[in-house]
Amino acid sequence: MKIVFAGSELTPFARTGGLGDFLDALPAALAARGHEVSLVLPAYRGLRETKELGLRATGVRIPISIGHKRLDAEIVQGETPSGLQLFLIRRDEYFDRSGLYGSDNGDYADNAERFIFFSKAVLELARRVAPPPEILHVNDWQTALLPVLVREKALPLRTVLTLHNLAFQGTFPASEFACTNLPGSFFGADGLEFHGQLNLLKGGILHADRLTTVSEAYCREIHSQPAGCGLEGAVRSRTRHLTGILNGMDAQLWNPANDPLLPHRFSASDLSGKALCKKALLERTGLKPDPTGPVFAWVGRLSEQKGIDLLLPILDRLLADDVRLVVLGKGDSQYERDLLVASRKHAGKFVCLPELDEPLAHLTEAGADISLFPSHFEPCGLTTMYSLRYGTPPVARATGGLHQIVQDIQADSGNGFLFFEETSEAFYHTLQRAKRLFANSGAWKALVLRAMLSEFSWDKAAERYERVYEHALSGSR
């Protein structure tokens with residue numbers, strides 16, 4: 001099959017979360033299975049400055065209508081590190097910026113126009129390549145307009161939309177609908193209108209040939225509140241065409257045995273390097289050495305979705321013991337301030353680093369003993385897979401993909417610790433359960449080994465996506 005992926009992120013060059021990891025790994029896995037795969041992304045400043053992509057101007061300019069404006073999209077071509085054909089849509093007034101979606105002051109005010117332009121340019125590019133693609137695989141709200149455009153133009157393309165997180169829907173004032181240049185009939189209950197506003201993700205859900213989510217559990221949860229985030233009615237109307245497929249993990253990028261970002265490497269057959277990474281992590285973050293209890297780690301966004309509100313009320317009790325806590329990630333400014341205040345109160349035991357630092361993220365995954373994932377909802381949970389791979393068993397809430405990835409420890413089975421209630425008390429008691437097992441060195445080592453041997457294959461996920469594509473090509477909506 002000839003497949004074109006369209007999205008707004010690509011690890012490690014333009015990434016805010018799991019979407020970038022998905023667009024880096026799944027296309028490569030499909031190409032390895034014999035498919036002709038290419039990717040299309042916006043020509044962000046950071047991407048254009050990346051030499052390893054081998055970018056070159058094609059000289060192709062495609063005129064795009066955005067409301068009453070007529071703007072050219074310049075096509076830049078390159079190649080991903082895995083050897084896939086990469087196209088960038090260049091329009092500097094939209095994409096030559098320091099951030100993908102916004103700055104420290106909030107989202108960019110013209111995000112609707114930016115990504116409507118991008119979606120239209122992707123479609124025009126797909127129409128011009130020969131032979132044309134069979135499948136156009138789009139992702140989240142940034143490219144969810146594409147299935148609507150394909151449907152309106154009755155093009156011989158099949159579209160698949162992957163829903164990575166329904167909390168982000170591309171909702172904008174109704175006036176932005178004019179940028180789509182679609183007939184007014186598309187701004188209605190069975191189109192892009194949602195409570196009087198433009199909702200790009202809703203349009204994609206209703207018009208894509210097939211839909212997927214990034215885990216089977218999340219697929220079930222989005223049929224109702226709260227995971228449906230108001231779009232559960234649209235989801236239920238497409239149940240027959242919706243499939244949950246758990247993401248895989250890039251076992252080459254996230255492999256402690258050959259990770260170039262680690263000061264010491266290790267494997268399930270030789271864990272000595274993990275202890276050295278723990279020492280290096282404590283030194284790097286300025287925490288006191290040699291705690292008798294575990295080193296806990298949070299790597300990810302500081303947001304309510306991720307459950308940071310469940311961690312804050314128990315910090316004093318957790319840190320009353322001889323443990324350490326590393327929090328690495330950016331997010332809600334109030335949460336950042338609260339955590340920084342707490343880190344000063346518990347200096348030497350707790351450090352908060354509100355930053356995006358890839359080498360430190362790898363060191364934290366490797367050097368910590370226990371990772372924290374108290375999410376209120378979690379579509380997949382790729383970072384949880386990374387923690388397992390690095391021998392850092394997770395304490396996670398049983399929701400979405402986390403409930404599939406983490407198996408609660410029972411006697412001689414399980415790879416981590418689960419709790420169910422959305423409360424700080426349930427989280428705290430589960431942390432104490434993990435801490436008690438940590439004190440039993442033999443049982444803890446056995447758990448670490450089971451965690452590291454957990455299997456999350458992208459090849460298995462790619463096989464399931466092949467079936468989705470086949471159904472899209474052969475079936476009706």
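This is a predicted model: local features need pLDDT of at least 70, side-chain atom pairs count only at pLDDT 80 or more; totals for chains, interfaces and linings use all residues.

Colleague: Sheets, then. What is the strand order in the nine-stranded one?

Modeller: β3-β4-β5-β2-β1-β8-β9-β13-β14. The sheet is open, and its pairing is mixed.

Colleague: Which strands are at the edges?

Modeller: β3 (56-66) and β14 (242-244). Each of them pairs on one side only. Across this sheet, neighbouring strands are turned by 25 degrees against each other on average, direction ignored.

Colleague: Do β3 and β4 run parallel or antiparallel?

Modeller: Antiparallel, with eight bridges joining β3 to β4 (residues 69-79). In that pairing, Ile62 stands opposite Ala73 of β4.

Colleague: And which strands does α6 touch on this sheet?

Modeller: α6 packs against β1 (2-6), β8 and β9 (158-163). Its direction makes about 145 degrees with that of β8. Helix α7 (residues 200-207) packs on the sheet as well, touching β9 and β13 (210-213). The direction of α7 makes about 130 degrees with that of β9.

Colleague: Now the six-stranded sheet. What's the order there?

Modeller: β17-β16-β15-β18-β19-β20, again open. Here the pairing is parallel.

Colleague: Why is one side of β17 and of β20 left without a neighbour?

Modeller: β17 (350-353) and β20 (417-419) stand at the edges, so each has a single partner strand. The twist averages 20 degrees from one strand to the next.

Colleague: How many bridges join β15 to β16?

Modeller: Five, between residues 295-299 of β15 and residues 324-328 of β16. Phe296 stands opposite Leu325 of β16.

Colleague: Helices next. At what angle do α4 and α6 pack?

Modeller: About 50 degrees, with the axes 9 Å apart. α4 covers residues 111-128 and α6 covers residues 145-153. The two are therefore oblique to each other. The crossing is right-handed.

Colleague: Which residues meet there?

Modeller: From α4, Ile116, Ser119, Lys120, Val122, Leu123, Glu124 and Arg127. From α6, Leu145, Leu146, Leu149, Val150 and Lys153. By class, that contact has seven nonpolar, one polar and four charged residues.

Colleague: What about α1 and α19, how do they cross?

Modeller: At roughly 75 degrees, with the axes coming within 9 Å. That makes α1 roughly perpendicular to α19. α1 contributes Phe22, Ala25, Leu26, Ala29 and Leu30. α19 contributes Trp458, Ala462, Tyr465, Glu466 and Tyr469. The residues of this contact divide into nine nonpolar, no polar and one charged.

Colleague: How many aromatic pairs are there?

Modeller: The count comes to 18. One of interest is Phe417 with Trp444, whose ring centres are 6.3 Å apart and whose planes are at 15 degrees, so the pair is stacked. Phe417 lies in β20 and Trp444 in helix α18 (residues 441-452), so the pair ties together parts 27 residues apart in sequence.

Key
Residues are numbered from 1 along each chain as its sequence is written. Side-chain values use heavy atoms; hydrogens and water are left out. Axes are lines fitted to C-alpha atoms, for helices over the stretch in contact, and angles run from 0 to 180 degrees between N-to-C directions. Helices (H or I, at least four residues) and strands (E, at least two) are DSSP runs, numbered from the N terminus. Angles under 35 degrees count as roughly parallel, over 145 as roughly antiparallel, 65 to 115 as roughly perpendicular and the rest as oblique. A crossing is left-handed if the near helix is turned anticlockwise from the far one by less than a right angle, and right-handed if clockwise. Contact means heavy atoms within 4.5 Å. Ala, Val, Leu, Ile, Met, Phe, Trp, Tyr, Cys and Pro count as nonpolar, Asp, Glu, Lys and Arg as charged, and the others, Gly among them, as polar. Two strands pair if DSSP finds at least two bridges between them. Rings of Phe, Tyr and Trp (its six-membered ring) pair if their centres lie within 6.5 Å; planes under 30 degrees apart count as stacked, over 60 as edge-to-face and the rest as tilted.
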